[in-house]
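Dear colleague,

Please find below the structure that I am handing over to you. My findings on its helix packing and its charged side chains follow.

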Amino acid sequence: MEIMFIMHVKGILRCHFSEMPEGPELHLASQFVNHFCAGVVFSGKVKKSDVSKNVEVPFACDSYSITACSRGKEVRLRLTPIKDEESKEMKPTDASQPMDIIFRFGMSGFFRFTSENEIPKHSHLLFYTKEKPRRVLSFVDIRRFGSWEPNGSWQADRGPCVMFEYPEFRSNVLANLSDKAFDKPICEVLLNQKYFNGIGNYLRAEILYRVKIPPFVKARTVLDNLLPKSKANVEVKAEDNQCQTPEITLSKKIKQKKERPDILDLCHFVPLEVVKMGGKGYDPEQSNDYSSFKGWLQCYCVPGMNSTRDHNGRTIWFQGDPGPLAPKGLKSRRKKTNKQNVEDSDEKPIVEKEEKKPKRKKGKDTEREKDEVSEEYESEKLHTDKKRTELENEEAAAAVKKGSRKMNLRSRKVKSKPS
């Protein structure tokens, strides 16, 4: 597949994703590394920035190559030492074995490949080439939620990749439906990387919209229907009471899957559609390379669609009824239908529908409330009147006292006058 990447005006090659990169974006990141690092020889130590709290990468070699691959929401870089062609030997200080580094992009991780004097800000792990002038492969992470693990392996509690390990992914989900995790709404379970490794916020919205399943339906209820039934393929003829097993060829099964995909099929097909678009996938910051993705979206941030928060505080986009497990006090928000860019974050204010206050029915409860209000009013009035009387008495007493003082002063003045 041809890979499309942006060539910046200054010659900076980069692969940059927006917040919360998902499976397709991490796969495109691995393709970016393989595309631009093919045949490039790297050299020296792997340098970590001073501000990063991630661990140092204990790898140094005079000559080594870099390759990459992805699995769900993880990317693996493999650093492979290259022997000197003349001596056929390696220096004692060089690493003798390949090192795997597992990257998790967090909220804003991406790779850039630039010249040494154009290393981008917020670069936290640097791989230098051997050539002169040197170039640099940088792991850039503005928010610093990303991480790397030297000598690492794929995270054990993450399930098979929805894109490139589909049979294992499907089996893993259907074999574990008794897990309590599937008691939750389907929209929340789709973000559980133990079972849906690679699915993120925009993908779950697109998948549920296409399969026409409300987001807040119990996941087990949705997925139970996909379990293979032992007697489903057996038909009994009413006439002769004989059993007959229908024969379905593999090609027919594949055709049926494409025509009527279930939710697990879409967890596989939908991310691959993003990969096939090439570019950077979901990256609102670069609108010139974002138009194809914007046109591809059917639900996520699309005008006319509803959105709300799930139980974990994540925004879910959907159409129609949210489902029976929707959070209490749900306030459904609708995307404005006027011309508004899809790159607006779902965190920005969205016009909310005004909730109609229920009309109060007349009856005993209403009359009782009126009596309670009137009693409170009378009590407050009595208290206010009492306070007012006390103030008036105090003012009168003060006036009398002031008047007596004036009389005393006058009498003293009269007595002091000479006869």
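A salt bridge is taken here as a side-chain nitrogen of Lys or Arg lying within 4 Å of a carboxyl oxygen of Asp or Glu. Please note that the model is a predicted one. By the rule above, it holds 14 salt bridges.

Salt bridges

Arg71 pairs with Glu165, and their closest N and O atoms are 3.1 Å apart. This bridge joins distant parts of the chain, since Arg71 belongs to strand E5 (residues 60–71) while Glu165 sits in the loop between strand E11 (147–150) and H2, 94 residues apart. Arg71 has a relative accessibility of 14% and therefore counts as buried, the limit for that class being under 20%. Glu165, with a relative accessible area of 24%, is partly exposed.

A second bridge is formed by the side chains of Arg170 and Asp262, at 2.7 Å from N to O. Here too distant parts of the chain are linked: Arg170 lies in helix H2, and Asp262 in the loop between helix H6 (250–259) and H7, 92 residues apart. Both Arg170 and Asp262 are buried.

The side chains of Asp179 and Lys194 form a further bridge, with an N to O distance of 3.7 Å. Asp179 is in the loop between H2 and helix H3 (186–189), and Lys194 is in the loop between H3 and helix H4 (201–211), 15 residues apart. Asp179 has a relative accessibility of 24% and so counts as partly exposed. Lys194 is also partly exposed, at 42%.

Helix packing

How do the axes of H2 and H7 cross, and within what distance do they come? The axes of helix H2 (residues 166–174) and helix H7 (residues 263–277) come within 11 Å and cross at roughly 145°. The crossing of H2 and H7 is right-handed. On the H2 side, the contact is made by Tyr166, Phe169, Arg170, Val173 and Leu174; H7 contributes Leu264, Asp265, Cys267 and His268. Sorted by class, the contact of H2 with H7 comprises six nonpolar, one polar and two charged residues.

Yours sincerely

Conventions. Residues are numbered from 1 along each chain as its sequence is written. This is a predicted model: local features need pLDDT of at least 70, side-chain atom pairs count only at pLDDT 80 or more; totals for chains, interfaces and linings use all residues. Side-chain values use heavy atoms; hydrogens and water are left out. Axes are lines fitted to C-alpha atoms, for helices over the stretch in contact, and angles run from 0 to 180 degrees between N-to-C directions. Helices (H or I, at least four residues) and strands (E, at least two) are DSSP runs, numbered from the N terminus. A crossing is left-handed if the near helix is turned anticlockwise from the far one by less than a right angle, and right-handed if clockwise. Contact means heavy atoms within 4.5 Å. Ala, Val, Leu, Ile, Met, Phe, Trp, Tyr, Cys and Pro count as nonpolar, Asp, Glu, Lys and Arg as charged, and the others, Gly among them, as polar. Buried means under 20% relative accessible area, exposed over 50%, partly exposed in between (1.4 Å probe, protein chains only).
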